[in-house]
Amino acid sequence: MTSHSKYSASGAHRWIACPGSLALAKLAPPSVNSIAAMRGTAAHEVAARYLQGPGTEPVACEGEEVQVESVVITLDDDLARQVEVYVEYVRGLGGIRLVEVQSNYAATLGLSQEEAWGTTDAAVIDDHTLHVVDLKTGRKWVSAQENPQLMLYGTGVAESLEAVGLWDEIEEIVLTVVQPAVKDAPEQWRLTRAEFEEKREELY
């Protein structure tokens, strides 16, 4: 498995609308992560640690330092608050929780396994509901509605559940963006299983 997916979920808005963008991207010089992107990486790393723990530890990460590539990112009060809002939301869902899980959606797209996968921030199976949650730390609002990145993450989790015979038990899929830098309340895109399957077919 390569370290980066050719058909990344984060770039889905681009390659779904313009498949030729994948070829053009190969001609572009290597990208350099911005400080904003590194801050997001640091926030995800800290949030994952809290969510992988016992679930009762108070979120207190202001001042914590995380090395991202060659840069040390210090979580200021703003970034620490974003981590807290996200962690508390996911904790509040209950059910079976998967954190920073690789979601492979290659089968749905008809591609090889190493070409199409992404990392789902959090997936929670609560009774007959599948929650797929994405943390955003940027200040440009990202809507959950009709969000192709979330659809791909959800599809990857669905493929995993299909492989172990659990997908048939899911009746509702809730795709959520948590973006505290823009607004405190998470935004949800709720789909019945039939609606999700219809959207999933559109990805082919």
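This is a predicted model: local features need pLDDT of at least 70, side-chain atom pairs count only at pLDDT 80 or more; totals for chains, interfaces and linings use all residues.
Me: Where do the axes of H3 and H4 come within 9 Å, and at what angle do they cross?
Reply: H3 covers residues 35-51 and H4 covers residues 77-91. Their axes come within 9 Å and cross at roughly 40°.

Me: What does that make H3 and H4 to each other?
Reply: Oblique. Angles under 35 degrees count as roughly parallel, and 65 to 115 as roughly perpendicular, so H3 and H4 fall under oblique.

Me: Is the crossing left-handed or right-handed?
Reply: The crossing of H3 and H4 is right-handed.

Me: Which residues meet there?
Reply: From H3, they are Arg39, Ala43, Val46, Ala47, Tyr50 and Leu51. From H4, they are Asp78, Leu79, Val83, Tyr86, Val87, Val90 and Arg91.

Me: How many of those are nonpolar, polar or charged?
Reply: The contact of H3 with H4 has ten nonpolar residues and three charged ones. No polar residues take part.

Me: Staying in H3, is Met38 buried or exposed?
Reply: Met38 sits in helix H3. Its relative accessible area is 5%, so Met38 is buried.

Me: What separates Met38 and Val72?
Reply: Their C-alpha atoms are 9.1 Å apart. Along the chain, Met38 and Val72 are 34 residues apart.

Me: New topic. How many residues has H6, and what does it reach?
Reply: H6 has 16 residues, 148-163. From first C-alpha to last it reaches 22 Å, close to the 22 Å expected at 1.5 Å a residue.

Me: How many of them are buried?
Reply: Twelve of the 16, so H6 is mostly covered. Among the buried residues are Leu150, Met151, Tyr153, Gly156 and Glu159.

Conventions: Residues are numbered from 1 along each chain as its sequence is written. Side-chain values use heavy atoms; hydrogens and water are left out. Axes are lines fitted to C-alpha atoms, for helices over the stretch in contact, and angles run from 0 to 180 degrees between N-to-C directions. Helices (H or I, at least four residues) and strands (E, at least two) are DSSP runs, numbered from the N terminus. Angles under 35 degrees count as roughly parallel, over 145 as roughly antiparallel, 65 to 115 as roughly perpendicular and the rest as oblique. A crossing is left-handed if the near helix is turned anticlockwise from the far one by less than a right angle, and right-handed if clockwise. Contact means heavy atoms within 4.5 Å. Ala, Val, Leu, Ile, Met, Phe, Trp, Tyr, Cys and Pro count as nonpolar, Asp, Glu, Lys and Arg as charged, and the others, Gly among them, as polar. The expected span of a helix is 1.5 Å times one less than its number of residues. Buried means under 20% relative accessible area, exposed over 50%, partly exposed in between (1.4 Å probe, protein chains only).
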